[in-house]
Amino acid sequence: MPNKTFFWFFLPTGLAMILFIGLPIISTGIQSFYAQHDQVVKEVKKCDPFGCTVSIVVDNEETTKIRDAKPLGKFNGFGTYTDRNHLAVDEIKKFWNETESFGAFVDQVTNLPFYKALIFTLTYCLFVTPNVLLLGFIIALSLNAVARKIRGPLIFGTILPMIVTPLVGSLVLFWMIDSQGIIGANIQNLMNDPYLSLKSSKTLTWITIIIYGIWHHSPFAFVVFYAALQTVPQEPIEAAIIDGASRLQRIKHIVLPHIYPVVTFVALISLMDNFRVFEPIIGFSAEGSAQSLSWLIYDNLVNEEVILFGSAAATSMMTIIGIAILLAPVLIRTWKEFKTAR
Amino acid sequence: MDYGLDTKSTRLKTFNTIFIITWLLIACFPFIWTFWGSFKVRADFFSRSDWWYAISAFNTLVETGGKFTSNAYTEAWTEGEFWKASKNTIIVTVFVVSISLFLGTLGAYALSRSTEKYAFWILMIALIFRAMPHITLVSGYLFPFFELQIWGILPTTIVVLVAINQPFTLWLLYSFFKTVPKELDESALIDGCTYFQAFRHIIMPVMWPGVITAGLFSLMLAYNDFTVTALLLNQENHTMVPKIQSYLGTNQHEGNLMWAVSAVVSATAPLFMLVMFFQRQVISGLTAGAVKG
């Protein structure tokens, strides 16, 4: 296709992506170097029969004036990146010097908001992704052994958790395991502990959100694996059966190698999706004990008093860097393949 | 995969059946339970004292005189203004699907017929864009949108959702157009058609299976989106999912939980029907990028 024709065909979609994906990333980058203005304060002298007192009040008029003149805020350089709510450089130095043992140091650092969120996000990815692959594969194998006639409805039932939006999915689960829901209330009765609830324990909250993640993402892995299983050639399997290979050996030596490329694809996609975990935290109302990077950005953006654009943008930039690190191996591999293909 | 030689022991078969039934229960029961509970009063569905109330409908009988009540639905749809939210969702979904299909088919067709190197790089960039968490993009939008005073209205959200949706649509339709033989439109070009004419008369009649799949995914994205709609729309223009969140209440004001329950059911039911109807297309779309490599 000639370049000119290609240009006209691609222009609308290209423009949409540049304007609303490319530019916002740049805009985020710029915003991350600015911070909201400080409030202008003035001294007010107040005199009464007992003497004069000087108090400091916020000058609203001046503050609004400055905000209107420079809506982006004041230039802050990398200040936002290094402040307490992000990389917290000063705090970490302080902890390093003050704490006695390494354990105490780690303890202090993981209490800083950014590191807390990073650790939750990584833990979530680390536990959900492999389990999604495993459960998805087992369901696919298992459904593949069922009679063809009843597979349709079974597949429909299996993919339900995936097609609802994460907020709805987590709400539906939350209403069951909450202390007033069917499962939560029964567990309380069984354990004979009326205070046992999701919100009371950080570990329980994390486990719940991770289980939710597995529940929500496994159907996707299942669908892809199931389709891949349909393409596994029959001859090697028959040969293996004749040679006396057990079921497990057949899966390990024939099926798995065949669907290996698909496994990496699913792992990549679910890693990308898990890294942006955010809605379940709202659905489970778990803000208290589990915060993810995306949730931090959301929290800054819905701030009641003044929207913390700079802070949200700095976290966003660091999230994007995180995604880039995750994607790098894939991109490098594709580039190498592309180079050798030429 | 039915192996002729493969004989399964009965033990394995029973184990398999039990496993599938357990999994289906885990996958589906929460939805069935929520559907059931949406016809009860709050004291039954969220009862601390006795979960059996949710089955026996003790409080529902006391409060409304029947075993089932549709109060939660009527209240959420009228008082809770869920009708407005669903109207907004329909507007957003219809526009997002049609615009993103229009842009996506043109772009993906060009990509699939181009032999240049930049086509490969465009696809790679689209993959990177696909990986961007939506919330990071939203944090880029908010400030410019406030300044331009286009925040809070439906058209802005529609355009944003179309753009966010493009990378996936492009990949899906690209792999679909690759399966449409090149000879079809090449012969039309030899006969003197321009590329646009070839696209209009040769490709358009055969592209519908791919377009339906891509359309379904755009629809699910627009319908299910929370991040973009919650932050880019004002209260008045909220779509269903942010509306459900607003029913949950915050620390400042108490929400109405039963409204949220009935709203969840109302929002999920059409989606389930749709997927039931188009199950084959959904599955082919999910596997398009994967199986063919």
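Helices (H or I, at least four residues) and strands (E, at least two) are here DSSP runs, numbered from the N terminus. This is a predicted model, in which local features need pLDDT of at least 70, side-chain atom pairs count only at pLDDT 80 or more, and totals for chains, interfaces and linings use all residues. Residues are numbered from 1 along each chain as its sequence is written, while chains are lettered from A and ligands numbered from 1 in the order in which they are written.

Select chain B. It has 16 helices and zero strands. Its radius of gyration (over C-alpha atoms) is 24 Å, well over the 19 Å that the globule rule (2.2 Å times the number of residues to the power 0.38) gives for 293 residues, so chain B is more spread out than a compact globule. Along the principal axes, its C-alpha atoms fill a box of roughly 80 × 70 × 30 Å.

Next, select residues 208-224 of chain B, helix H12. Its 17 residues reach 24 Å from first C-alpha to last, close to the 24 Å expected at 1.5 Å a residue, the expected span being 1.5 Å times one less than the number of residues. Of these residues, 12 are buried (20 or more other C-beta atoms within 10 Å of the residue's own, with C-beta atoms placed from the backbone; exposed means 12 or fewer, partly exposed in between). Among them are B:Gly210, B:Leu216 and B:Tyr223.

Now move to chain A and select A:Pro329, in helix H15 (residues 309-341). A:Pro329 counts as exposed because it has 11 C-beta neighbours inside 10 Å.
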